[in-house]
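Hi everyone, thanks for making time this morning.

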Amino acid sequence: MGMCLGRCIHLSPHERDLWVCCGRKIIKGLRDADAVDLLVYKAAENGRGIIRRDTKTEAEIFGFSTIPRKDNAVTKCSSGLDADKRGYSDGVFDEHVFTENGEKSSFLQSQTKDLRVYIVTWNMNGKALVDRISHLLEADGGHHDLYIVGLQEAHNSMAEALVNDDSLGEKYSFVAAAVMLSLQLFVIAKKTILPYISKPLVDKISVGGLGGVVGRQKGAVAVAFRYKDVSLMFIACHLARKAAHEANVDERNAQFHRIYQNVFSKQNGTGLCSGSCIRNAAAVADEPGPCRDHAFRCSFIEQADMVVWLGDLNYRVEMSRNSVSFLIAHKLEEVLWTKDQLSRALKKGQAFNGFVEGPLSFKPTYKFDVGTDNYDSSHKERVPSWTDRILYKVGSSSDLRVNMTGYNSINSIKTSDHRPVKALLTLSNIKENGVQ
């Protein structure tokens, strides 16, 4: 996993060391990903982010192993450092937490505290953010512990702007970035909670799109980590478009299920296990080849205490443009809920099973004439729709309590034909991590 395949020639000695010892590639083979990854490490060197060395795979962070245990137990970095000697375990969402220097924390417990999470999703339509990032994050004096920023059709300057921006001040650090061309996800955390956060893992799943040609990569990027005793996963995605035709609804539903089944599965890694059909570590150790018994199929999403799914999901309102415009003008958006494709899919169990969403008490977020509050005035006259959404799901066996304290659009940002959407979550009943 630590081989650079010739792509680390341009890296500094420090960056090469990071490549080797992290046990996973810094460079993802895509130009935009290259830039973002190096920006993250640059931020870490400057004290604005964290660098952690870990050999854990996506599967192991969820408590599974997809390679024979005799090999897994002796996994080594290319530098010759033994993973076991460095104190790593292979429990669910690694129980160990680390300091900013990548060393295991020696704390025992801290006072119980709710976790306040600010989540925002935005389709940038390839446009640069003219205003300060504080408008997107609505920085309000540091009332949030975590900031989750999901972008679609992101402008190539956005990653650098996020890393270098000081809107949140010195109290925050860059934690993780998952980038697949124009589809991007960033995690920023208060420095005071860093000792409670395990090493984040990232994953990427493509479901098509035109990629770098027009900046419309379809698929999902994800970040997973443990905060104290709860496992958290954030998935930012961009699903199929093309208006309200029923066939496109089916395609969006199918893309959701594909991402759901494959995120953090070994199908996207070494291919030792097909899909998410991992039954348990012992079974896989005895059966290193592709698993053919799908009777025990499970999803890594189902192992997390909480999953937040955000992005341009592209579900539309199935109603005429004139009718929708009339209802919006008279502040009767609630009437549109029954015509919203995602609301219907949730009700029928066709997609996002188990996920919940706040009320759509704000105007549809697509499609605006750029720079105005007017909906599409082109000859296409697209029907205003809530394409940009944030949903969350709490694990069926989890004791975590989640309260959505806010769900709204950010109407002050008008550089795109989409409005950003934000959600405020408060996570409670979080037990302490008894790390020695």
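Before we look around, one term: when I say that residues touch, or are in contact, I mean heavy atoms within 4.5 Å. Leaving aside residues up to four places away in sequence, Leu427 touches Asp114, Leu115, Val117, Leu232, Met306, Leu400, Arg401 and Val402.

A word on where this comes from. This is a predicted model, where local features need pLDDT of at least 70 and side-chain atom pairs count only at pLDDT 80 or more, while totals for chains, interfaces and linings use all residues. Residues are numbered from 1 along each chain as its sequence is written, and side-chain values use heavy atoms, with hydrogens and water left out.

Now the overall picture. The chain has 10 helices and 11 strands; these are DSSP runs numbered from the N terminus, helices being H or I of at least four residues and strands E of at least two. Of its 436 residues, 56% are buried. Buried means under 20% relative accessible area, exposed means over 50%, and partly exposed is in between, with a 1.4 Å probe and protein chains only. Take contacts between residues at least 6 apart in sequence: 69% of them join residues at least 24 apart.

Let's turn to the sheet. In which order do its 6 strands run? The order is β3-β4-β2-β1-β11-β10, in an open sheet with mixed pairing. Two strands count as paired if DSSP finds at least two bridges between them. At the edges sit β3, residues 172–180, and β10, residues 401–409, each pairing on one side only.

Strand β1, residues 115–123, runs parallel to β2, with 7 bridges joining them, and Val117 has Leu146 in β2 as its bridge partner. With β11, residues 421–428, β1 pairs in the antiparallel sense over 7 bridges; there Thr121 is partnered by Val421. β1 is also mostly covered, with 8 of its 9 residues buried. Moving along, β2 (146–152) and β4 (183–190) are antiparallel and joined by 6 bridges, with Val149 standing opposite Phe186 in β4.

Back to leucine 427, this time as part of a core. A nonpolar core is a set of buried Ala, Val, Leu, Ile, Met, Phe, Trp, Tyr and Cys residues joined through side-chain atoms within 4.5 Å. The largest one has 50 residues, and Leu425 and Leu427 have the most contacts inside it. Apart from it lies another core of 29 residues, including Val207, Phe300, Val307 and Leu342.

Proline 195, in the loop between β4 and β5, is partly exposed, because its relative accessible area is 25%. Pro195 and Tyr227 are 32 residues apart in sequence, yet 9.0 Å apart in space, C-alpha to C-alpha.
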